[in-house]
Amino acid sequence: MVSLRRLLQLLTLLVHSVRWGVAPSTADEALRSGHGEHGEPAHHEPHKDSYGTFASEFLESRYLSDDGYPFPTAPPVDPFARIKVIDCGVTKGCIRYGKPGCDAETCDYFLSYRRIGTDVEYEMSADTDGWVAVGFSSDKKMGGDDVMGCVHDDNGRVRIHHFYNVGQWAKEIKRNPARDEEGIFENNRVTCRFKRPLYIPREETLVDLHLSWYYLFAWGPAIQGSITRHDIDNPPVSDRMISIYKYEDIFMPSTAYQTFNSPLCLLLIVALTFYLLMGTP
């Protein structure tokens, strides 16, 4: 059975021969011997030679798959650069939520920010297979907030989306200010990096990042690339307004590690310890 590659070769030779008025067998012999059809030296026309060169190069194996179909050569893909927490509080600001001492790969939620010219670069990561987001709020409450989210879709890609909180519902906005987007889903974590302009005039859904805002942190599952309700009922919020001009390294303990940070709990522990040491009367 004749392979598809051989059929393409024969078809190209046939087109070449018909175009220049030479029978396939004679043309083939003439090309091999360097003589014309009646023995005279072959006259190579520049256009004919360039056409033959193009056809032969096109049919070389490096341009064809094993099945004989042409395929493009994909450019190399740069791997996602890991988030460096060693820079937190020095060359970028960071907010960590989770276990004490956690980093970008172990915190329940991680966010970093730094200024680059007229842009702000954000890095986000969360322990989820769906989405991770940050919202910019003036009052610590969900509603009327500018939100940037990284969503893991069914094709394994992580894309950057722009949302606007309408009450308790996040509405996706077509105008997306993100650029230089990167994202990865690995070890059941969604991680991304992107830049966004400090200020975009005449856009109500985009806040001015020159100003300070409360940061809302959220993450949760996604269905076919669309976000659903966040994982926890009361997502964490920064205790104070965050300024992109001040690089801090802020740690916020998750619920499991907040018990002993409460002043009331500490007082109860002291009282219980005193009671045990003194004994009952």
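Strands β5 (146–152) and β6 (158–166) run antiparallel and are joined by 7 bridges; strands here are DSSP runs of E with at least two residues, numbered from the N terminus. Asp146 stands opposite Tyr164 in β6. Two strands count as paired if DSSP finds at least two bridges between them.

A word on the model: it is predicted, so local features need pLDDT of at least 70 and side-chain atom pairs pLDDT 80 or more, while totals for chains, interfaces and linings use all residues. Numbering starts from 1 along each chain as its sequence is written, and side-chain values use heavy atoms, without hydrogens and water.

Stepping back to the sheet, 5 strands form an open, antiparallel arrangement in the order β7-β6-β5-β4-β10. Its edge strands, β7 and β10, each pair on one side only.

Now for the largest pocket, with about 510 Å³ of space. A pocket is an open set of points on a 1 Å grid over the protein atoms alone, where a 1.4 Å probe fits, with protein on both sides within 12 Å along at least five of seven lines; lining residues have an atom within 4 Å of a point. The volume is the space filled by probe spheres set on the points. Among the 26 lining residues, Met142, Asn165, Ala218, His230 and Pro235 are the closest to the centre.

β4 gives the most, with 4 residues.
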